[in-house]
Each structure stands twice: as C-alpha cells, then as structure tokens.
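Reader: I am new to reading protein models. Could you walk me through a few features, one at a time?

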Amino acid sequence: MAKQRKGVEVSIAMSEAVAQADVDVIAAYPITPQTHIVEHLSEIVASGDLDAEFVPVDSEHSAMSVCCGSSAVGARTFTSTSSQGLALMAEIFFITSSMRLPVVMALANRSLSGPLSIWNDHTDTMMVRDAGWIQVFVENGQESYDNMFCAFRIAEDPDVMLPLAVNFDGFILTHMIEPIIYEDDAVVKKYLPEFKMKNTLHPDKPVSMGCFAMPELYTEAQMASEAALQGSYPTIVKAWDEWAELTGRQYRPIETYMAEDAEYCIVTMGSYGETAMDAVDALRQEGEKVGVIKIRLWRPFPFDDFFAAVKGKKTLIVMDRAISFGGPGGPVASEIKSALYKQDDAPEVVSYVAGLAGRDVSVGDFKKMIIEGKDRAESKDTQGFQLYGLRG
Amino acid sequence: MAKPIDEIRWQELEVGIAVIDPGSAMGYETGTWRSERPVVDKDQCIHCGVCWLFCPDMSIVQAPEGHFEADLTYCKGCGICAKECPVGCITMVPEEEE
C-alpha cells in the first residue's frame, strides 16, 4: 500500500523530524523565516512529547555556543537560524567544525542585510561557505523532512563527526504547505544509531576542547578539518543510499533532470530546481536539448559527480542566488569555472545571479535565462556575470 | 604532550584538536618570549611570596633557602614581580643577544 501523504507546512514537518530523531538539546533564537521550526519544537518539548532540553537563549551567538557545549558532552543537538542570526552565530560556527561537534542546523536561507530584507536567497549560507561544515541543499518539503534524519546520521558518524547544515529556502519552503510522507519511528530508529562520541566533556576522563593552537599547530589543525570534510563524502553517499533502501527516496550529491542527452544545462541549488525542471519541460517541447543539473551537496563539493554530470555538455548556465561583491560574480558559477579549468572539453559557463531577496523567478524567466545564456555561450560572451531582471 | 608541538603531524592530532593528556602546557616554553629577566637579591628578599602570588604564569618558585625566584623556562619577563615586590629586591635585567 502506498504510504499516506500528509498536508503539512515544511517547517512543521522539519521540526517533527527533529523530534522523531529523538534530539537531546535544542538551542535556538527565533528569526524570520525560521521561526515556525523553533516555535513548534518548543511546543513539542513543553507538551512532554519529546524528552529534550529546549534552551531559550538570548541571541544566536549564545544558541550556537550552547549547541557546542551540549554536543561536547555527547548530546544530539539541533539548532536553526537564518540570515542575520547566522551572521551573529558566525564566530562559533567556525569553531563548531574545528572542534568536530556534530551539531545539525536547519538553515532557512534568507538574504543578508543590507538593505534589510527578510526574503529568500543564498547570501547567508555563502557567508559560511568556507567554515568547514557539511552543506546540503534541499528542494521541496519531502527532501527537507528526509534530510533531517540523514543529517544526524551523517554528522554523528564516527568517521565524520562534523556539523551539518541543511539549507532550505526561506518562505518558498519554510511557509509552504506540501504533501509529505512521514516515516514511522521504527524506520527512524533503524536508520539512526545512538550517538556516541569518542571524547566527551566528562569528569571520568577529562579532556580540554577548543584550545589555543600555536603557529606550529594551526596549519596541521586546518588540514585535519579539510581532511575530515573531504573524507565525509563516502559516508554521506552511504547514508543517502541506506535511506533509499528504507524509504525508496534516493538522494545524490549531484542530481540531474533530462540531462543525459542535453547539450546545455541550467545549474541550480535549492528549491528553484523545481521551476528549472518546468522550464526544461517547456523548452524540450520546443525542441531544445536542455537539462537541469542540481547541486545537492555543496560542501564537500562533489567534483567527480559533477564532472560526470557535465561530460559532453556544450554550455552550463549557472543560476546563483548571491553575489560575490568585487569578485567573479556568483559564488557557484565561479566555483564551477574553477573546477572545470583543467578539464578537457570543458563546457562554457554562463553566470547569472537571480532571485535575490525573494524576487520571483518564473518558468518564463528560466526559459529566457536559458536561451539567452545559450546564445551568450555561442558568441563566447561568458566573462563576468549577468544580474537577471536588473532595471537600468 | 609526548611530542614537541613542531613535530606533530596532522594525522596525529586528536579528533577536534582535543587535548587528552593533562599538563600539556608544561611543554610550552613561554620563557623564549622574554626580553628581560627578573634577578632577585636573595639577601634582601623577605620571603613574603608576593611575587609568587602575582606571577600570571606561575613561574615563580620558592628556593630551598627560602627566597623566591623565576623559573626561566616559563618566565615571560613581564616584570609584574619586580613591580609588586614590597622591598624592591627584584630587578629586571635585559637579556643579552646571543
């Protein structure tokens, strides 16, 4: 019998996933558009349905600090934030990965001030791109729900021990009611082993964490972080494969749509992958050989999967949701250009920045971007980037 | 730490750079920072221990004869002991260039 879908707001489904994952400590400060996750978790804890500590902190800086402390004693730890909240967490965010504390975060992507905006883009997450966390992007409600379980499974694996952020678009997902299949607690229990840490803060075996490192050690410590993040890849893939075995829903570091025989592809991250697929359907009707390449795993960047996906393509049209001011344009496009630099027969890369701070990008916009991008590539007009829909 | 810090390979670091052996700060010889060292006039020293109390690095030790002096392996030469000594028996002397 097919599993029952439940109409539920994505934020509510994510918080219920966190409760199903039997989390021990939640420390978070409410911020739009993440608020419903934190509110609902506080209700679940207050009603006695989840035996966990909900720590109502005075700021996001404190939230992330509490998360580090609770993770360091071996507690399964969750937090959630957006935009300015992430900016306030930034100091501790970098420390969390260096200390190898497997905190899981639901990062409801929202633009950074200024100017002040509460709407969705990826400027917040790009700020912490190089912070040493595993970064996953999801596209819809079901992926958001599923990936909360995968997140704890991956982060807490003894071979990984890294914090993980599940990036999901603010409002487009957080406030959307979608049909979502809930998994039974028994499935979750089977999938998610008990969290055990090698070194914890415990008087029986005292250790010091977060110590000062002299110039003689800092380089080695950074390499340890780099190796840990790169080394997490096989566990991430295995965790997604095992989730597929249990539920039938498969996730991969790079996912494609109609890309097999495509000559050119639009590259996206996050919820706009859905709109891109609609645009590709429409363009295919018009005879265009176009596909979609979706980056699910942003860090560690899955280079080999990406090379396999783009093999034989003439053009990649990359849609970024953030600008790197004074730099090469969109962070995703510049990363892709750099990855392809030494590849034989590398496709042309056309960089668009679109959908900033909630500005809608419709199927028609995608079609326009794709066709325009294809023309740009053909005329080798691929330097710099285009700010799609800009007036003036 | 068993190994000097400038010989540790990255693979040997504990997960999360945790320090699992106690007393590891002993291996960190802060005396190399010093540009001046405290010299104690033993005869003038009244054995009060004020220098020992104030030393931020706990590098002042009591000699068997009763007077206090700095352990130069760790003394950074900050001069707080000389400043605080109630009888003025500690003088800061510049370290000579080798």
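Reader: Thanks! What should I keep in mind about the numbering and the model itself?

Author: This is a predicted model, in which local features need pLDDT of at least 70 and side-chain atom pairs count only at pLDDT 80 or more, while totals for chains, interfaces and linings use all residues. Residues are numbered from 1 along each chain as its sequence is written, and chains are lettered from A and ligands numbered from 1 in the order in which they are written.

Reader: Which residues of H13(A) are buried?

Author: A residue is buried if 20 or more other C-beta atoms lie within 10 Å of its own, exposed if 12 or fewer, and partly exposed in between, with C-beta atoms placed from the backbone. In H13(A), the buried ones are Asp365(A), Phe366(A), Lys367(A), Met369(A), Ile370(A), Gly373(A) and Lys374(A). Contact is called when two C-beta atoms, placed from the backbone, lie within 7 Å. The buried residues of H13(A) pack against E10, helix H10 (272-285), E11, E13 and E14 of chain A.

Reader: Why does Asp365(A) count as buried?

Author: Asp365(A) is buried because 20 other C-beta atoms lie within 10 Å. Also, Asp365(A) and Ala276(A) are 89 residues apart in sequence and 9.5 Å apart in space, C-alpha to C-alpha.

Reader: In H9(A), which residues are buried, and which exposed ones sit on the face turned away?

Author: Ile236(A), Ala239(A), Trp240(A) and Trp243(A) are the buried residues of H9(A). They cover an arc of only 95 degrees around the axis, so they are on the same side of H9(A); the arc is that of the directions from the helix axis to the C-beta atoms. The face turned away from this buried side carries the exposed Pro234(A), Asp241(A) and Glu245(A).

Reader: In what order do the six strands of the open sheet in chain A stand?

Author: Two strands pair if DSSP finds at least two bridges between them. The order is E9-E11-E10-E13-E14-E15, with mixed pairing. Strand E9 (254-257) and strand E15 (386-387) of chain A stand at the edges with a single partner strand each, so one side of each has no neighbour in the sheet.

Reader: How many bridges join strand E13 to strand E14 of chain A?

Author: Six bridges join these parallel strands, E13 (residues 315-320) and E14 (residues 348-353) of chain A. For instance, Thr315(A) has Glu348(A) in E14(A) as its bridge partner.

Reader: Where are the cis peptide bonds that involve Pro33(A) and Pro300(A)?

Author: One joins Thr32(A) and Pro33(A), with omega about 0 degrees; Pro33(A) lies in the loop between strand E2 (25-28) and helix H2 (35-46) of chain A. Another joins Arg299(A) and Pro300(A), with omega about -5 degrees, and Pro300(A) lies in the loop between E12 and H11 of chain A.

Note on methods. Helix = DSSP H or I, 4+ residues; strand = E, 2+ residues; numbered from the N terminus.
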